[in-house]
Amino acid sequence: MAHSTQKRYANTRNITAKAPASVCDILIIGGGPAGMAAATSAKLSHPDSEIVILDKNEILGRKLRATGNGRCNITNTCADGYEEVIAFLFSLGIATKSKERGFVYPVSESAPDVAELLELRLEQLGIKVYKGATVSAVSVVPYCDKQDRPLDGASFNSGISFKTAFTIASIDNDYRMESQALVIAAGGKSAPVYGATGDGFLLARSLGHSVTRTFPSLTPVECGNSELTGLSGVRVRATAKLLKDGEQLYEENGEVQFTKYGLSGICIFNLSRMMRFGKGEGFDNFDISLDVTEGFNLSEWLTAAAKRAVVNRETVDARNSQRSAIEANSAVCENSSYNKLVEVFMTVYKEGLAMEIIRQAGLDYTSNASILTDADVRDKIIRSASDLRFKPTGLKGWKEAQCTSGGVDMHEIDDESFESKLLPKLYIVGETLDYDGFCGGYNLNHAFLSGKRAGEAAAREI
Ligand SMILES: Cc1cc2nc3c(=O)[nH]c(=O)nc-3n(C[C@H](O)[C@H](O)[C@H](O)COP(=O)(O)OP(=O)(O)OC[C@H]3O[C@@H](n4cnc5c(N)ncnc54)[C@H](O)[C@@H]3O)c2cc1C
């Protein structure tokens, strides 16, 4: 796209210090995908409305720009409301295509393109955007007395009477703003480098909402196995299973990446989402099992390897017995020609992984491969490769999480309009809500869907 990420659009305003409170119809805290969806859908539904987005960052949609490894897995054909999201994105000019497992991407597979396009639409629709504007407080201002009689100043620029207004303030109270409707789209706590650091929860709580316990979700998993350093950097296709107290909770097939602290990869992120525990429980209750035998007949391979190892041993022994006495003294050297157990896995598994499989089978990787003639030994290796165990000791934390598990209690939110059941004209959307989905486009789907619905509902109410 021609637009640079740094470009400031015509409607971008700088907050003037100590400015008097300004008013608008719909105020949106947060310019991520949920906030931008709310703003555009509200304006499209009610073109005369005055809509303002405030974002603490200098660039809108910073997290959005990093999604899907920069490719933006924008929704999933299995996600609730996905058709509505696709149609909404299409109406804004975002073309999408679906790929394997229902993953949907913009046709350009560029996350920055999507953020730029959304920002362009905000400008074209006349939505005001204030960047570098951190909202630190929000309250409800009564504009009517108990008999519903308007108090002084109880009308907006549009001249509509109203009973209450939301007022927000910045950290230093150097600006204030009032609105008829308020959308909290300030994200959760995951990947704080992109802007959201949990303010949405504090703001919602200050308006009376409950916030459920929050956990980092969709993160790499730390494991206690000290041997993991030898595996670091290895990638393997596996079926990963999460067990709690021996019971399987979840399984997914995909690429697993070993790191120096533990396990990573999309299927591991999805496992991390299921690692929740109550009082008295901990990571100790969980195990991760990897089956790395997929698509390969390991049993057949080991049987063939056993035969090769026997032939190899006989050949080396015969060579040794034909040597002169002097040469025979160097037989130690010749021993290195024996086929070692770990070598059997060359071209099957990376060396670090092969050593871990052998270790977990209770065998020595330097043993002569001819031990594979023993069916018990082969069974041990097959069992180990199909159930490699790793002990989680923790999750990688907020810094590397893609999503927040927990948030504003969904029981207090209307699940069609995303309006608060506690305060009329308050809407809470996106990652601030207690919703989190698996990897695969579910979280952006939720951000766009909740933002769109809230924007439309707010536009109807003003
Ligand atoms: C690396 C990474 C990759 C991901 N990839 C995918 C993917 O491919 N598919 C998918 O579905 N999901 C993905 N996700 C998750 C997805 O990005 C989030 O679910 C989504 O961005 C949530 O949207 P949101 O608008 O609710 O919050 P955010 O995108 O976090 O936006 C919140 C906005 O609010 C602003 N804000 C916060 N506090 C304040 C305040 N006090 N005042 C003013 N503004 C404030 C922030 O600056 C931010 O701009 C990924 C996440 C990460 C970290």
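**Ligand site**

I began at the ligand and looked up Gly441: one of its backbone N or O atoms sits 3.5 Å from a ligand oxygen. Such a pair counts as a polar contact when N or O atoms lie within 3.5 Å; within protein, one must be able to donate a hydrogen and the other to accept it, and residues adjacent in sequence count only if both atoms are side-chain atoms. How much of the ligand's own 1,000 Å² of accessible area does the protein cover? It covers 95%. I note that accessible areas come from the Shrake-Rupley method with a 1.4 Å probe, and for residues only the protein chains shown count as cover.

A note on the model before going on. It is predicted, so I recorded that local features need pLDDT of at least 70, that side-chain atom pairs count only at pLDDT 80 or more, and that totals for chains, interfaces and linings use all residues. I number residues from 1 along each chain as its sequence is written, and side-chain values use heavy atoms, with hydrogens and water left out.

I found a backbone N or O atom of Gly68 at 2.9 Å from a ligand oxygen. In the side chain of Asp199, an N or O atom is 2.7 Å from a ligand nitrogen. The elements giving two or more residues to the shell are α1 (33–45), β3 (51–55), α2 (62–66) and α13 (442–461). Helices here are DSSP runs of H or I with at least four residues, strands are E runs with at least two, and both are numbered from the N terminus.

Which element gives the largest share of the shell? That is α13, with four residues. I listed 34 residues around the ligand, and Asp55, Gly68, Asp199, Glu431 and Leu444 come nearest. The shell divides into 15 nonpolar, 14 polar and five charged residues.

**Gly30**

I looked up Gly30 in the loop between β2 (22–29) and α1. Is Gly30 buried or exposed? Gly30 is buried, because its relative accessible area is 7%. Buried means under 20%, exposed over 50%, and partly exposed in between (1.4 Å probe, protein chains only). Leaving aside neighbours within four places in sequence, Gly30 is in contact with Gly35, Ile53, Leu54, Asp55, Ala185 and Ala186. Contact means heavy atoms within 4.5 Å. Leu60 is 30 residues from Gly30 along the chain, with 8.4 Å between their C-alpha atoms.

Glu252 is in strand β14 (residues 247–258). It counts as buried because its relative accessibility is 10%. I found its side chain joined to that of Asn270 by a polar contact of 2.9 Å. Beyond four places in sequence, Glu252 touches Arg101, Ala238, Thr239, Ala240, Ile266, Cys267 and Asn270.

Ala238 turned up again with Ser386: the two are 148 residues apart in sequence, yet 9.1 Å apart C-alpha to C-alpha. Ser386 lies in helix α12 (residues 375–386). It counts as partly exposed because its relative accessibility is 23%.

**Helix α8**

I checked α8 (residues 298–321): 24 residues, reaching 34 Å from first C-alpha to last, close to the 34 Å expected at 1.5 Å a residue. The expected span is 1.5 Å times one less than the number of residues. What caps its N-terminal end? Asn297 does, with a side-chain oxygen 3.3 Å from the backbone nitrogen of Ser299. Buried residues of α8 are Leu298, Leu302, Ala305, Ala306, Ala309, Val316 and Asn320. An α-helix has 3.6 residues a turn, so residues three or four places apart point the same way.

**Positive phi**

Most residues other than glycine have a negative phi. I noted Phe418, with phi near 60°, and Lys425, with phi near 70°. Phe418 lies in the loop between β19 (403–405) and β20 (426–428), and Lys425 is in the loop between β19 and β20 too. Phe418 counts as buried because its relative accessibility is 6%.

**Whole chain**

I closed with totals. The protein chain has 13 helices and 20 strands. Of its 462 residues, 52% are buried.

How values were computed
Near = heavy atom within 4 Å. Nonpolar A, V, L, I, M, F, W, Y, C, P; charged D, E, K, R; others polar.
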